[in-house]
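Subject: Structure for your files

Hello,

Please find the structure below, followed by notes on what was found in it.

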Amino acid sequence: MITEPATPDPTMEAIGDAVAEGQAGGAAAARQKLLGLWSEIGVTGDALHRCTLAHHLADLYDDAAQALTWDIRALDAADAVTEQRAQEHHAGLHIAGFYPSLHLNLADNYRRLGSFEAATEHIDAAETCAPGLPRTPYGDLLRGAVREVAEAIVRRDRSPRASAPGSAA
């Protein structure tokens, strides 16, 4: 569900436009746009911008190590986002809602890289955060992905998930 932010935010709009381009098949162009925005924001820029950008940029990489780099940046930035900043962007937005997806992505990348101990730590964190997910199609999607990755970790399966963002499925 996309709703209007409390105040216009050109950076979030630019991130959204790049993400839409990537989802429409323009992954390389979307990556370049997001990398350009990352340079503008900087590593000490607005934490909400950094978290959102890094989270979506990770999905544009097929290589788990490259995606991992951006997923780590997204989690680090989320830790710096205040509840006030999240709600300045959108009144219904809560930073706690970011963590199930952020930990899921890290678990999935570590799993694909064969680092099953690190994957287990992050899938456990995702499971701990998941009860707070809304009972919506998005929440259901995340809960299902958490179960899927947890099962793949147990099997020591390193193959990409068909349901992962950016996959062909």
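Helices (H or I, at least four residues) and strands (E, at least two) are taken as DSSP runs and numbered from the N terminus. Asn 109 has its place in helix H6. Two conventions apply throughout. This is a predicted model, in which local features need pLDDT of at least 70 and side-chain atom pairs count only at pLDDT 80 or more, while totals for chains, interfaces and linings use all residues. Residues are numbered from 1 along each chain as its sequence is written, and side-chain values use heavy atoms, with hydrogens and water left out.

Helix packing

Two packed helices are described by the angle between their axes and the distance between the axes. Here axes are lines fitted to C-alpha atoms, for helices over the stretch in contact, and angles run from 0 to 180 degrees between N-to-C directions. Angles under 35 degrees count as roughly parallel, over 145 as roughly antiparallel, 65 to 115 as roughly perpendicular and the rest as oblique. A crossing is called left-handed if the near helix is turned anticlockwise from the far one by less than a right angle, and right-handed if clockwise. Contact means heavy atoms within 4.5 Å.

Helix H4 (residues 64-78) and helix H6 (residues 99-112) have axes that come within 9 Å and cross at roughly 155°. H4 and H6 are therefore roughly antiparallel to each other, and H4 passes H6 in a left-handed crossing. On the H4 side the contact is made by Ala 64, Ala 67, Leu 68, Asp 71, Ile 72, Ala 74, Leu 75 and Ala 78. On the H6 side it is made by Tyr 99, Leu 102, His 103, Asn 105, Leu 106, Asn 109, Tyr 110 and Arg 112.

Asn 109 counts as buried at 4% relative accessibility (buried is under 20% relative accessible area, exposed over 50%, partly exposed in between, with a 1.4 Å probe and protein chains only). Apart from neighbours within four places in sequence, Asn 109 is in contact with Ala 64, Ala 67, Leu 68 and Asp 71.

His 122 is placed in helix H7 (residues 116-129) and is buried, with a relative accessible area of 16%. Residues up to four places away in sequence aside, His 122 touches Leu 75, His 103, Leu 106, Ala 107 and Tyr 110. Between His 122 and Gly 132 there are 16 Å in space, C-alpha to C-alpha, with the two 10 residues apart in sequence.

H1 and H2 pack at an angle of about 160°, their axes being 7 Å apart. H1 and H2 are therefore roughly antiparallel to each other, and their crossing is left-handed. From H1, Thr 11, Ala 14, Ile 15, Ala 18, Glu 21 and Gly 22 meet Ala 27, Ala 29, Ala 30, Lys 33, Leu 34, Leu 37 and Ile 41 of H2.

Salt bridges

A salt bridge is taken as a side-chain nitrogen of Lys or Arg within 4 Å of a carboxyl oxygen of Asp or Glu. By this rule the count is 7 salt bridges.

One of them joins the side chains of Glu 21 and Lys 33, at 2.5 Å from N to O. Glu 21 lies in helix H1 (residues 10-23) and Lys 33 in helix H2 (residues 27-41), so the pair ties together parts that are 12 residues apart in sequence. Glu 21 is partly exposed, with a relative accessible area of 25%, and Lys 33 is partly exposed at 45%.

Arg 85 forms a salt bridge with Asp 46, and the closest N and O atoms are 2.8 Å apart. This pair links distant parts of the chain, 39 residues apart: Arg 85 is in helix H5 (residues 83-89) and Asp 46 in the loop between H2 and helix H3 (47-58). Arg 85 counts as buried at 17% relative accessibility, whereas Asp 46 counts as partly exposed at 26%. Asp 9, Asp 46 and Arg 85 are linked in a network of salt bridges.

The side chains of Asp 157 and Arg 155 also meet in a salt bridge, at 3.2 Å from N to O. Asp 157 counts as partly exposed at 24% relative accessibility, and Arg 155 as exposed at 53%.

Cysteines

With a disulfide taken as a pair of cysteine sulfur atoms within 2.5 Å, a search of the whole structure finds 0 disulfides. Cys 51 is in no disulfide, and the nearest cysteine sulfur, that of Cys 129, is 13 Å away, too far for a bond. Cys 51 counts as buried at 1% relative accessibility, and Cys 129 as partly exposed at 27%.

Regards
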